[in-house]
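Colleague: I'm new to reading structures. Could you walk me through one, feature by feature?

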Amino acid sequence: MAGITLQQRRRRFGVGALLPAVVIILAILAYPMAASLWLSLHHVELAGGAVAESFIGLANYAALLDDDSFRLAVSNSAYFSVCEVALVVGLGLGVALLLNHPLGRSGFFRVLLIIPWAIAPVANAVLWKWILNSNYGILNAILTELGLIDNYVTWLGTPGRALNMLLLVDVWKSIPFIALLLLAGLQKIPAMLYRAAWLDGANAWQQFRFITLPSLRTTLAIAIILQTLWSFKLFDLVYVLTRGGPADGTVLLNYLAYRQTFNFLHIGSGAAVANVVFFISLILAIAYIRMLRPGGRKVPA
Amino acid sequence: MAKVELAAVYKRFGTLEICSNINLVVADKEFVTLLGSSGCGKTTILNMIAGLEDVSAGEIRMEGRVVNNLTPFERDVAMVFQNYALYPHMTVAENIGFTLRLRRISRAEIEKRVGTIAGLLELTPLLGRLPSQLSGGQQQRVAIGRAMVREPKTFLFDEPFSNLDAALRVRMRSEIKLLHQRLGVTSIFVTHDQEEALSISDRVAVVNEGRVEQVGTPEEIYVRPVSRYVARFIGSPQIDLLDGAIVEESGGTGFRVGHVLFALPQPLVHALRTQGALEMGVRPENVLIADQGTAANVRVVNPVGPASFVTLAWEGGLITARVPGMSRLKAGEAVQFNVDPQHLMFFDKASGRRIEVPAGL
Amino acid sequence: MQGKPSKLGRLSIQLGLGIFGFWTLAPIAWLVVSSLMQQQALTATPPDFSPSAFTFQNYVEVMNSAAALGRGLANSLIVAVSTTAVALAVGAPAAYALARFQLPGSGPILLMILATQMFPGIVVAIPMFIVMSHLGLIDSRLGLVIVYLSFNLPIVIWILHGFFLAIPVGLERAAAVDGATTLQIFRLIVLPISWPPIFATAIFAFIESWNEFFFALILTRQNAQTVPLVISQFAGQYQTVFGQMMAAATMAVTPVVVIAIIFRQSIMKGFTEGMIKS
């Protein structure tokens, strides 16, 4: 029989349309990912411009367990991620609810949301470095004027405080996107539901508790997972604001991997740290993908 | 013009069989409707005829030529879609003329042909508008115009009226029928609305679970449905099915439901008595409220204008009677009813097939 | 919510909005204001806000003292535009293919695409650095474009895929019956009606590329340095010249912020909704 059917034609076109993208993505990403795994299983020595590798199995990973800076980075990262997700999603939900309220629907607030999101992370870091400057920073000036502190604080001077400042800055930067995400979720809830609940005598809190929260469950879960993933990706801020200091107090896993590799040239060990981050991200990414599956989502269409 | 044949056509997705052994012949210039509930596979059949979906097995022939491997364009079919599927970024004129433009017909010629179609469908003042600026009925006419401008050999309609309001839907039935009478193009129409199917078709094919249950003229499928499924699907309100048995005893012969005996003519009883368990089907117009008969209580009265449908509660459950005009019966009123033995249907309880009884009984 | 808002309720919402407005706007305002102030005014305790403290001098000096900033802006523009163009040209057809043709392997490909968005750059940084050295693409704009494609192409595909899925299939079927080839359907029907999401995606990819720092840090030295890198180095070198630092930062973020504000509607619709629907 002559000719090919429409479906066959479309499929051929589809393969042709898809192939370049798949090839590009594989070419750019697949090799580096595999190579990164391979490197993490090797002892890599850079000697006079040449690279010498010897296979050492999981020794790089084993060494991490005894490495104090790795342990510190794990605990820093854990603290940072947990606090950041709680703060960003919690405050982001608050902002989304405010902006979904008739009083908050003005375009002005939408503009406000988009600015911190669009600002380059590096510029943001530079700005906050200036705000937090211990001698001339505006934060110290304001808090002193208000009588809240007696002496200027070195905000980035001690490990714990520096980590919390890092947290503050990244929370500021991250809230807008999560708020936009949750706002999109809120706007998908049919207004009819609220009308019905109101007629049933539900007050504002009950409407939130029994309509908003359940309808928003999947969107919230997605927000939590994405924010966790992004908190693991954080790099620019650490690099500009603290370079991991003081006393490694702001070394997060991602930054540790960078420092091991590009500052200390411990390439195998750096790759091992990078792969730890990779596997944590992978698990979260799978969780995110599952949330998006039609069976797993409960966002009203 | 075009005769369309489907010979043992199957459609499968993996192990899932969407359409099984579809055999259908649509004669040249005929108007045939595929009727079925949603998800029965009727749209898939239409898409296979159109060439939008591949056939898993079997043959589709047009004018005697196998078209399985031809594109919709090569099959020379035109189609009107359920949601009109008008191109939202094109004006009415561009929508209608799109197919001509793809065939590199000169601009002047396109304008002329679009103009003719627009005049025919009363779309001329709307030619410059976008679909979003049209009412549902206008969009519908544009969709038909887009199909007509091709002067195709076959028209395919996929539930074209389902988005229109009730009044417009009824009017469009006559318009489509008129159009078909005038153009005489082979047409295949898909709908889930049995009334629509009966009112516009030369023949109706009732589709159920991917199979063609019955093909026949509207009269055939209404009066002589092959199965319980077809009988229940056609007619509104639905046919009532009474569960009982043929009895021949001193008290009388007929069909017994509980304590109630519906007397039947002797030859009919003879014809049916060798059958197994039976169901008796009675359409509302064959239930007669009378001075004598089976005792019942009026449950609900639904007047629809020229007639009223009265739901009666009796020993065997509920049964619906059609009475002419606006009924004065009140809910709770005691009445009696009979069934017209001339128009009863009997179904084999196990298989659901209708038992053909000799004519004249 | 539904119900009669009490006076207290209204007040608390207005208060909340006020706090949110201040919290978001204050740092940005300080960025702009301090970029317009003289060094002495900024280092006074408390800062001197008298009219005489304000000046455009910081901008002038930044432009004069840091030729790198001009080059950085140019590099950023070239890299971001090229990345966006290629990502759209390759990504839009791929997204359409994934949305429409039940190709074998579509599922895994989509998962792969989604997964690539999730990983920190450090995972692939080392091998990428080695490959780029071998190819001689260190400190080149081409090298950056290639690397940026690796995360922008998947984002483009993912977002557009969601949009193409939402186009009624009937439109394409109608076009097929009208005699359009698959390419014509894509070109004459699908693309024209999808330009708003395509545009939103383009803006998003542009902003991501403009703001990227990590790979720029690893893969560029001087010639191909983009704005974020210039800013970070500037902040390291002149970290006590606060007004100039802020002037440089303001110049770096302004193009992107302006674009984002102008096109906020389509970005919000396009991106946030794309992230929560499958």
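Predicted model: local features only at pLDDT ≥ 70, side-chain atom pairs only at ≥ 80, totals over all residues.

Colleague: What radius of gyration does chain A have, and what would a compact globule of 301 residues have?

Modeller: Chain A has 24 Å, whereas a compact globule of that length would have a radius near 19 Å. The C-alpha trace of chain A spans about 90 × 75 × 30 Å along its principal axes.

Colleague: How many helices and strands does chain A have?

Modeller: Chain A has 12 helices and two strands. Following the sequence, the pattern is α-β-β-α-α-α-α-α-α-α-α-α-α-α. Among contacts in chain A with a separation of 6 or more, 69% join residues 24 or more positions apart.

Colleague: Now to sheets. How should I read one, and what is the strand order in chain B?

Modeller: Strands of a sheet pair through backbone hydrogen bonds, either parallel or antiparallel. In chain B, four strands make an open sheet, ordered β2-β1-β4-β5, with antiparallel pairing. At its edges are β2 (16-26) and β5 (65-66) of chain B, each pairing on one side only. Seven bridges link β1 (residues 4-13) of chain B to β2(B). As an example, B:Leu6 has B:Leu24 in β2(B) as its bridge partner.

Colleague: And how many residues does each side give to the contact between chain A and chain C?

Modeller: Chain A gives 89 residues and chain C gives 83. On the chain A side, helix α1 (residues 6-40) gives the most, with 22 residues. By class, that side of chain A has 66 nonpolar, 12 polar and 11 charged residues.

Key: Residues numbered from 1 in each chain as written. Chains lettered and ligands numbered in written order. Contact = placed C-beta atoms within 7 Å. Nonpolar A, V, L, I, M, F, W, Y, C, P; charged D, E, K, R; others polar. Pairing = 2+ DSSP bridges. Rg over C-alpha atoms; globule rule 2.2 N^0.38 Å.
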